[in-house]
Amino acid sequence: MDFNMLVDAVSQNSTFLEQTLSSTIKKDDYTARLFDIYKQVLKEGIAQTVFLGLNRSDYMFQCSADGSKALKQIEINTISASFGGLASRTPAVHRHVLNVLKKTKEAAKILSNNPSKGLALGIAKAWELYGSANAVVLLIAQEKERNIFDQRAIENELLDRNIHVIRRRFEDVSERGSLDQNRKLFMDGQEVAVVYFRDGYIPSQYNPQNWEARLLLERSCAAKCPDIATQLAGTKKVQQELSRVGLLEVLLPGQPEAVARLRATFAGLYSLDMGEEGDQAIAEALAAPNHFVLKPQREGGGNNLYGEEMVQALEQLKDSEERASYILMEKIEPEPFGNCLLRPGSPARVVQCISELGIFGVYVRQGTTLVMNEHVGHLLRTKAIEHADGGVAAGVAVLDNPYPV
Ligand code: ADP
Ligand code: MG
């Protein structure tokens with residue numbers, strides 16, 4: 001809930017976004033395109049009055065030398081945060097397996113989890129506040145979607161509340177989407193109350209036509225999840241900048257407890273902008289490569305650099321302004337444990353694993369009033385320790401459940 005407030009505050013602070021991303025957008029075309037749309041929308045005036053955030057903040061347990069453990073944030077996902085649907089189904093899988101093994105007591109300890117319901121309630125609230133009984137939710141879908149059942153869980157929850165979801169691609173929007181004179185959004189003749197992006201979070205998902213469609217959606221008065229500012233608030237550069245001393249206090253004035261809770265989850269985050277601070281961060285990473293991760297402004301797993309690859313990249317980037325499109329992060333070292341990763345085609349055997357815990361957050365703002373701010377469930381992903389990077393979609397991690405002891 002603290003992170004919901006923080007993301008929402010950042011998304012409304014154009015000065016902060018502009019300053020923070022100024023060096024990044026010079027060297028990262030993708031972030032620059034998003035920023036361009038942001039500027040265009042600001043210039044024209046923001047038409048939407050209802051704002052919807054469906055976030056997932058991801059953490060790992062940092063294991064310190066003295067044996068203490070603390071949850072440290074890996075990143076926050078403000079666009080297309082996935083697996084809320086599937087994570088709602090996995091408790092039943094593990095309970096079933098344990099029951100088959102006659103471990104009834106253990107089965108009862110698996111935590112219940114239903115993020116799809118909470119995510120849908122957020123969309124439903126935004127839909128309701130938009131205030132048009134016949135309007136639909138437009139889910140921006142990929143042409144070939146492997147994770148459709150994750151999305152269907154949310155769609156079905158909405159349908160149970162008599163809210164209809166239409167699935168369209170960016171291409172469909174550019175061909176058949178339109179705005180009326182009040183910037184109401186229409187898709188195939190139907191008014192759209194909420195746009196829910198499950199596409200458009202990496203560069204390869206955009207061509208010129210898709211960028212046009214994104215701009216059209218952003219200019220509309222439909223509630224976007226996320227709007228372009230909130231997507232930018234989820235960039236790794238913003239995450240790094242938020243860790244600077246004193247910044248949280250500025251963004252969340254009068255909320256020292258929230259600030260302290262947020263700060264406690266921050267790992268070491270370092271700017272690579274040109275200058276002394278960036279030079280020093282690079283020198284430290286080169287001296288101890290196993291303690292750092294190099295991150296570009298990308299989502300979806302598989303983009304970060306570790307170890308020898310990171311060293312090579314840093315050597316190359318060191319003297320070029322391109323380095324500003326990356327950030328450096330302290331590498332979190334959770335304590336490994338033995339577990340069995342079940343995947344098709346490979347035998348079940350116990351391997352050393354680490355887990356990453358995601359917490360789903362939902363918020364809805366109408367004008368300047370936050371009308372909903374909740375956490376709605378969790379996602380546990382577990383992977384073998386030999387994989388530095390990568391989530392479930394990247395084929396590395398598996399869906400899991402926390403087992404409280
Ligand atoms: P993406 O947006 O691509 O998901 P992440 O920052 O979540 O980027 O990184 C992808 C994966 O890399 C994470 O799921 C995690 O397994 C690993 N990872 C990222 N940052 C760190 C870190 N600081 N320490 C340890 N592992 C990390
Ligand atoms: Mg991630």
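Modeller: Begin with the ligand and the classes of residue in its shell. This is a predicted model. Around ligand 1, the shell has 10 charged, seven nonpolar and four polar residues.

Colleague: Which residues come nearest to ligand 1?

Modeller: The shell counts a residue when one of its heavy atoms lies within 4 Å. There are 21 residues around ligand 1, and those that come nearest are K236, K295, G301, E356 and K383.

Colleague: How do I read the polar atoms around the ligand?

Modeller: Look for pairs of N or O atoms within 3.5 Å. The side chain of E356 has an N or O atom 2.6 Å from an oxygen atom of ligand 1. The backbone also takes part: a polar backbone atom of I332 is 2.8 Å from a nitrogen atom of ligand 1, and a backbone N or O atom of G300 lies 3.4 Å from a ligand oxygen atom.

Colleague: How much of the area that ligand 1 exposes when taken alone is buried by the protein?

Modeller: Taken alone, ligand 1 exposes 530 Å², and the protein buries 96% of that.

Colleague: Now helix packing. At what angle do the axes of α1 and α14 cross?

Modeller: Helix α1 (residues 2–11) and helix α14 (residues 256–264) have axes that come within 10 Å and cross at roughly 100 degrees. Angles of 65 to 115 degrees count as roughly perpendicular, so α1 is roughly perpendicular to α14. From α1, the contact uses D2, F3, M5 and L6; from α14, A258, R261 and L262. By class, this contact has five nonpolar, two charged and no polar residues.

Colleague: What should I look for in the backbone itself?

Modeller: Check omega and phi. C225 and P226 are joined by a cis peptide bond, with omega about 0 degrees. P226 lies in the loop between β8 (223–225) and α11 (228–233).

Colleague: And which residue has a positive phi although it is not a glycine?

Modeller: K102, with a phi of about 65 degrees. K102 is found in the loop between α5 (90–100) and α6 (104–109).

Methods. Residues are numbered from 1 along each chain as its sequence is written. Chains are lettered from A and ligands numbered from 1 in the order in which they are written. This is a predicted model: local features need pLDDT of at least 70, side-chain atom pairs count only at pLDDT 80 or more; totals for chains, interfaces and linings use all residues. Side-chain values use heavy atoms; hydrogens and water are left out. A polar contact is a pair of N or O atoms within 3.5 Å; within protein, one must be able to donate a hydrogen and the other to accept it, and residues adjacent in sequence count only if both atoms are side-chain atoms. Accessible areas come from the Shrake-Rupley method with a 1.4 Å probe; for residues, only the protein chains shown count as cover. Ala, Val, Leu, Ile, Met, Phe, Trp, Tyr, Cys and Pro count as nonpolar, Asp, Glu, Lys and Arg as charged, and the others, Gly among them, as polar. Axes are lines fitted to C-alpha atoms, for helices over the stretch in contact, and angles run from 0 to 180 degrees between N-to-C directions. Helices (H or I, at least four residues) and strands (E, at least two) are DSSP runs, numbered from the N terminus. Angles under 35 degrees count as roughly parallel, over 145 as roughly antiparallel, 65 to 115 as roughly perpendicular and the rest as oblique. Contact means heavy atoms within 4.5 Å.
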